[in-house]
Amino acid sequence: MANKETNKDRKGDDYPVVGKPRAYNMLQGYNDYVDDLCKKKFNYLTRTDCDGKGSYTPIPGGHYDEPAYPAAYPKDHPSYTPPAEVYPKDHPSYTPPKDPCACKCDTVEFPKIEPCISVKWGDSECDGLESDDMEILCITVCNCYCNVTFQDFTIGHIKITDMAGNPVPCLPNGDPSVQVVPSGSICFGDICPCDCTCNKPSCVSREFVVYTCGAVAKCYLLSFEDVCFTVCHEVQTKQCFKVEICKD
């Protein structure tokens, strides 16, 4: 009979981090392994323009203290600077190569990006919310941007209050006089970019219900709170490096 493996027989590293799927931990372990290997490499390839002319001019406004890859000038150019002497590791003047990605971490200032949310209800123009009623309302969330996706769009909480934001008083028996079902969370999934060829926004709708029972006839405030989504914008770029092969 095979011996059963108990929790005490297993090492802590065998278990995934709490709240993280095992696949995530496997990927993180692989990333750490490759990072350790790459840190042992010594030389950096020189970045170059992708036009094949062998020069690279740092982008104005870049966040390096000094250009990691200065422009390459011919020897007869007034701005030519001879390369610094390279010393072996055991030499007192040896300095390790500069990491071209040793940049300053900064915060990108994004423009204000908001979804367009609308609410519709009623089977006709004459329909109305009454003191004792049940109405199905539709929330529609639209993306009016051509180049971004609203990923994992959710409305965390829906609540109804008086116009000052105070809770609606309950009935004498303790039951709510106005109730929203469900009160959250409502998931919309991904909302794709707007179709700019025909100026048609991309929209996703969900339903919720408003119950009233002995509600006072007046205006109420319907609030969508904890509206959460990730703005995804695809970026494609191109970078080139010079690879110099020496003769044996």
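Analyst: Buried means under 20% relative accessible area, exposed means over 50%, and partly exposed lies in between (1.4 Å probe, protein chains only). The model is predicted, so local features need pLDDT of at least 70 and side-chain atom pairs count only at pLDDT 80 or more, while totals for chains, interfaces and linings use all residues. Residues are numbered from 1 along each chain as its sequence is written, and side-chain values use heavy atoms, without hydrogens and water.

User: Why is Cys-144 called partly exposed?

Analyst: Its relative accessible area is 46%.

User: What makes Cys-142 and Cys-203 a disulfide?

Analyst: Their sulfur atoms are 2.0 Å apart, which is inside the limit, so the pair counts. The link is right-handed, with 105° about the S-S bond. Cys-142 is in strand β3 (residues 133-143) and Cys-203 in strand β7 (residues 202-212), so 61 residues separate two distant parts of the chain. Strands here are DSSP runs of E with at least two residues, helices are runs of H or I with at least four, and both are numbered from the N terminus.

User: Are these two cysteines buried or partly exposed, and why?

Analyst: Cys-142 has 10% relative accessibility, so it counts as buried. Cys-203 has a relative accessible area of 39%, so it is partly exposed.

User: How many disulfides does the structure hold, and which other pair is joined?

Analyst: The structure holds two. The other pair is Cys-146 and Cys-196, with an S to S distance of 1.1 Å. Cys-146 lies in the loop between β3 and β4 (149-162), and Cys-196 in the loop between β6 (186-191) and β7, 50 residues apart.

User: What makes Glu-225 and Lys-159 a salt bridge?

Analyst: The rule asks for a side-chain nitrogen of Lys or Arg within 4 Å of a carboxyl oxygen of Asp or Glu. The N to O distance between Glu-225 and Lys-159 is 3.3 Å, so the pair meets the rule. Glu-225 is in strand β8 (residues 220-232) and Lys-159 in strand β4, 66 residues apart. Glu-225 has a relative accessible area of 28%, so it is partly exposed.

User: Which residue forms a salt bridge with Lys-112?

Analyst: Lys-112 pairs with Glu-114, and their closest N and O atoms are 3.4 Å apart. At 69% relative accessibility, Lys-112 counts as exposed, whereas Glu-114, at 46%, counts as partly exposed. By the rule, the count comes to two salt bridges.

User: Where is confidence lowest, and where is it highest?

Analyst: Confidence is given as pLDDT, the predictor's score for each residue from 0 to 100. The mean is lowest in strand β1 (residues 46-48), at 76, and highest in β6, at 96. Over residues 1-17 the pLDDT is below 50, and this stretch has eight contacts (heavy atoms within 4.5 Å) beyond near neighbours in sequence. Residues 57-71 are also below 50, with 23 such contacts. The chain averages 79, and 75% of the residues score at least 70.

Note on methods
Disulfide = S-S within 2.5 Å.
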